Amino acid sequence: MRKFFLLTYILLLLTVINSVAVNAQTINITTNRTQLVLQVKENGRLYQAYLGARLSETTELSQIYMPGTTLTSSQITGFEAYPVMGTEDYYEPAFEILHADGNPVSVLKFQSFEQNGNETIFRLKDELYPIHVTLHYVAYPEENIIKQWADIYHEEKGEVCISRYASGMLYFESHNYYLMQFGNDWGKEMQMKETKLEYGKKMLDTRLGTRSALITPPFFMVGLDEPVNENHGEVLMGTIAWTGNYRMTFEVDHNNCLRVIAGINPDASRYRLKKNEVFRTPEFIFTLSQNGTAQGSHDMQQWAMRQQLYKGQDDRQTLLNNWENTYFRFDEEKLQQLFNEAKNLGVDLFLLDDGWFGNKYPRNNDRQGLGDWEVMEKKLPHGLTFTIRQCEEQGLGFGIWIEPEMVNPKSELYEQHRDWVIELPDRETYYSRHQLVLDLSNPKVQEFVFGVVDGLMTQCPTIRYIKWDCNSPMTNVYSHYEGRNQGNLFIDYTRGLYNILDRIQLKYPDLTMMLCSSGGGRSDFGALKYFTEFWCSDNTDPIERLFIQWGFSYFMPAKAMCSHVTAWNKKADIKFRTDVCFPYKLGFDLDLKKLTDDERTYCRQAVCEWKRLKHILFSPTIHRLISPYQGNHCVLQRTDKDRSHALVFAYDLHPRFRESLQPVKLQGLNPDALYEVKEIMLMPGEKSRLSFQGKTFSGDYLMHIGLPLLTSNDMSSRIIEIEKLF
Ligand code: GLA
């Protein structure tokens, strides 16, 4: 009898599972190497059924039954694609809404889906309320990237408030999860730290508004099953394309499943949504590598250059900047001298930094003048056009610094437009670098900020380059423009910024712009749609830069990472300081007169070599061979697409006495090919002391036996060119 019941039970269960399998609508989102499967279940809701390595065509997808559920759990939930607040799911939701009638719940049911090329769109709707959520997924097959975002709108009569609005959500079923996070502070950008995720929530978020990435840059990596590794293991690498407050939540649930939610940070941002207004979330971008971070980095960088970074496929130019050299102290004569120096150095551009504007409140220090964007007559009496002409006569392009989102209270702008400033009424004001943020949620202020660039470009149409700075986070958060909708401010600010940047890009498509925010306080893919490059850090000490650049190299193309040789860390010689900058977007920001002839010759050589080797430097193929986090050395390799030309950068930081130095094994070469190995970038008159100089090795040798690239000399470096012979 018992047997009979058991059999009947099993048969019944199988029928249920089968009917679900038959009814479930399965939709695949695939790249060449990753597959995301979504299914509509019998309850009419959309679930993630699978996310992992690309499956074979014949895999039995119809058999997948509600991953993330447990039959022992009191409730069966599953991996809902866009879970809402207030239903049966115990964990952090993607969406929360307050309807006009005060009801705080929406249940989103699947309506339809469509696939157009690589984009998949799911339309969801609440059956009881006119709330519509459209989920978008775009797959980049070759780059192995998927990005997702949501569009939200309603047709309710009254006021609707949304207080959670994730860009996307992903689920994983592994035994262990290791989160690699980045961040720290001014001058210490992109420091890496790995922690094991246990039951509960870990959030990476920011609420600084403008300098949003200052403490927490919007990047993460999760090692699935094992810690994040360069060459093996499954790793999720993700980021959010938003130049404002964001939040990335990592939650391990009671079944040891990991839930990753990425979106705008909803703190202080209960958004009042008007009827039929579409709230578009920023894009959540991720790659899932089955071969560690080397593969993931390659894919991210490839994608960024092809799809996101402004002029991502184009060339980049070297420059001389005057900031660290003159600060605010320059005049026409000084600039003329610097143009000559830039010409002799061989760079393409001269970049005039802060201090060229303001008359009533001359910008001779950072306490005044910000906002008054007219040329300072005392410093540049013949005007900007004259200065630009002088620069161009030396065969250089001209670039200029602006910080158009900000204002010093000591400025004419502040005197005239107090209501354009983000500032709390009737309270003490907190200043960061003696300045305040302009309210870009206000269209009039957007017009003004656009006008800063438009005015400059109209007056001086040959300006080739702009450094767009942003030195204050948003403090004293109150908008005179938003009135009752203060919850919209953080979001409307970023949208206002994008509006301005859209207009600039449309009107001046040839203009290249560097993104800066006291260093890397802004370094996200949302902004990089408009900027060709960004300033990784104000900290240009070469030792610190090795760590900062190491962190950024996981996500950012080398051509986007500005790296300028400066006078920071005088104990490091010019070769070491230059070699640290060489693998990225090279520039100089120091008093060249203070260098010896040999040192100047070395810098000139660096510019020439950099131009010759750009095709390798800009390749997305990076191998991080020795991490500076491991101790006293750092070694990187960049290789071109055909594996025929590579560069290896070897740095000794502060090696220990009689440290044992192992050969460095290269990666990603063709084992059967023969390569000539040559140390380049030697100081004038210096000969390479490397035993292998000019010799030929097989790729097999270089990858398995390796080269003795390390020394025990403090702060020393070598750059090795590896070229395939046949
Ligand atoms: C910020 C930038 C610097 C420089 C100064 C000018 O700090 O990060 O590079 O442009 O502003 O005030």
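Okay, let's start with a pair of strands: β14 and strand β19 (residues 283-289) run antiparallel and are joined by 7 bridges. Strands here are DSSP runs of E with at least two residues, helices are runs of H or I with at least four, and both are numbered from the N terminus. Two strands count as paired if DSSP finds at least two bridges between them.

Before I go on, a word on the model: it is predicted, so local features need pLDDT of at least 70 and side-chain atom pairs pLDDT 80 or more, while totals for chains, interfaces and linings use all residues. Residues are numbered from 1 along each chain as its sequence is written, and side-chain values use heavy atoms, with hydrogens and water left out.

Back to our pair. V235 has S289 in β19 as its bridge partner. β14 also pairs with strand β13 (residues 219-224), again in the antiparallel sense, over 6 bridges. Buried means under 20% relative accessible area, exposed means over 50%, and partly exposed is in between, using a 1.4 Å probe and protein chains only.

Now over to an open sheet of 3 strands, in the order β1-β2-β3, with antiparallel pairing. Its edge strands, each pairing on one side only, are β1 (25-30) and β3 (46-53). On average, neighbouring strands in this sheet are turned by 20 degrees against each other, ignoring direction. Strand β2 (residues 34-40) pairs with β3 over 7 bridges, and V37 sits opposite Y50 in β3.

Q148 is buried at 2% relative accessible area, and I146 is buried at 1%. What does Q148 touch? Beyond residues up to four places away in sequence, its contacts include H136, Y137, M169 and F284, where contact means heavy atoms within 4.5 Å. With the neighbours within four places left aside, I146 is in contact with residues including I29, L36, V138 and F286.

On to the helices. Helix α2 (residues 292-308) has 17 residues and spans 23 Å from first C-alpha to last, close to the 24 Å expected at 1.5 Å a residue. That expected span is 1.5 Å times one less than the number of residues. 13 of the 17 residues of α2 are buried, so the helix is largely enclosed by the rest of the structure.

How do α7 and α8 pack? Helix α7 (residues 443-459) and helix α8 (residues 489-507) pack at about 30 degrees, with axes 9 Å apart. The axes are lines fitted to C-alpha atoms over the stretch in contact, and angles run from 0 to 180 degrees between N-to-C directions. Among the residues making the contact are F450 and V453 of α7 and I500 and I504 of α8.

Last stop, two loop residues. Most residues other than glycine have a negative phi. D426, though, has a positive phi of about 60 degrees and is not a glycine. D426 lies in the loop between α6 (412-416) and β24 (436-437) and is exposed, at 82% relative accessibility. N569 also has a positive phi, near 60 degrees, and lies in the loop between β28 (561-565) and α10 (574-581).
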